[in-house]
Amino acid sequence: MILMSFMFLLAAAVNPAQSIQEIKSDGVIILCSGGEDGKVKWFKDNNNKEEEIKDHGNLTYEVKADQGIVKGFYRCEYEKTDPYEKKKYVFFLRVQVCENCYELSRLRAAAVILGDVLFTGGVIFIIYRFTTKNSGGTQKRASNSRAVNPPPPPNPDYAVCM
């Protein structure tokens, strides 16, 4: 979903005349800027057959979701000052919307990530402090059951006779 939103924002940045104005819980509002309100024609592509959306000449058009997904090709068209010069902009929509979604701002998302990193760092620091041995005095060695210089083994050439 985030990747799709990023793609839409990138598409809007490439062509500023067309943009998604708002993503709502039940649909998407698309904007065809540059034209005049009342003179914009909207079209929808239904299975490679384009049909005009009647009774809608506004700069914005709200596309309603079908089972939580807004998808399809939409096109807006308007005439500039010259009647023979038409501007056309195409929208490809594929957005999943839901009623109980929560929008997270950039600042809040950055604060959550930073807080998580600081909390994890604090836990790591506490574990490190408790696992190091800081006893203040000299460290004791573990007792070694073997002698440092054991006696040499008896030589079989010298047998003891009794």
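1. Tyr 74 counts as buried, at 4% relative accessibility. Buried here stands for under 20% relative accessible area, exposed for over 50%, and partly exposed for what lies in between (1.4 Å probe, protein chains only). The model is a predicted one, in which local features need pLDDT of at least 70 and side-chain atom pairs count only at pLDDT 80 or more, whereas totals for chains, interfaces and linings use all residues. Residues are numbered from 1 along each chain as its sequence is written, and side-chain values use heavy atoms, with hydrogens and water left out.

2. Overall layout. The chain holds two helices and seven strands, and from the N terminus on the elements run α-β-β-β-β-β-β-β-α. These elements are DSSP runs numbered from the N terminus: helices are H or I with at least four residues, strands are E with at least two. Of the 162 residues, 18% count as buried. Among contacts with a separation of 6 or more, 50% come from residues 24 or more positions apart; a contact is a case of heavy atoms within 4.5 Å.

3. Nonpolar core. The largest nonpolar core has 17 residues, and Ile 30, Trp 42 and Tyr 74 have the most contacts inside it. Strands β2 (27-32), β5 (60-64), β6 (69-79) and β7 (86-96) are the elements that give two or more residues to this core. The term covers a set of buried Ala, Val, Leu, Ile, Met, Phe, Trp, Tyr and Cys residues joined through side-chain atoms within 4.5 Å.

4. Strand β2. Six of the six residues of β2 are buried, so the strand is largely enclosed by the rest of the structure. Both of its faces are covered, with Gly 27, Ile 29 and Leu 31 on one side and Val 28, Ile 30 and Cys 32 on the other. β2 pairs with β5 in the antiparallel sense over five bridges; two strands pair if DSSP finds at least two bridges between them. In this pairing Ile 30 stands opposite Tyr 61, and Gly 27 stands opposite Lys 64.

5. Strand β5. Tyr 61 is buried, with a relative accessible area of 15%. In the loop between β5 and β6 lies Gln 67, which has a positive phi of about 55° although it is not a glycine. Gln 67 is exposed, at a relative accessible area of 79%.

6. Aromatic pairs. Rings of Phe, Tyr and Trp (its six-membered ring) pair if their centres lie within 6.5 Å; planes under 30 degrees apart count as stacked, over 60 as edge-to-face and the rest as tilted. By this rule the count comes to five aromatic pairs. In one of them, the ring centres of Tyr 61 and Tyr 74 are 6.1 Å apart and the planes stand at 45°, so the pair is tilted. Tyr 61 lies in β5 and Tyr 74 in β6, so this pair ties together parts that are 13 residues apart in sequence. Ring pairs also link Trp 42, Tyr 61, Tyr 74 and Phe 91 into a cluster.

7. Pairing of strand β6. β6 pairs in the antiparallel sense with β7 over 11 bridges, and Ile 69 has Gln 96 in β7 as its bridge partner. Strand β3 (residues 41-46) also pairs with β6 in the antiparallel sense, over five bridges. Trp 42 stands opposite Cys 76 in β6.

8. Arg 75. This residue is in strand β6 and counts as buried at 12% relative accessibility. The side chains of Arg 75 and Glu 77 are joined by a polar contact of 2.4 Å. Such a contact is a pair of N or O atoms within 3.5 Å; within protein, one must be able to donate a hydrogen and the other to accept it, and residues adjacent in sequence count only if both atoms are side-chain atoms. The charged end of Arg 75 sits over the ring of Phe 43, 4.2 Å from its centre; the criterion is NZ of Lys or CZ of Arg within 6 Å of the ring centre and within 35 degrees of the ring normal. Not counting residues up to four places away in sequence, Arg 75 touches residues including Trp 42, Glu 50 and Tyr 89.

9. Tyr 78. Also in strand β6, Tyr 78 is buried with a relative accessible area of 4%. Leaving aside neighbours within four places in sequence, its contacts include Cys 32, Val 40 and Tyr 89. Tyr 78 and Leu 59 are 19 residues apart in sequence and 9.7 Å apart in space, C-alpha to C-alpha.
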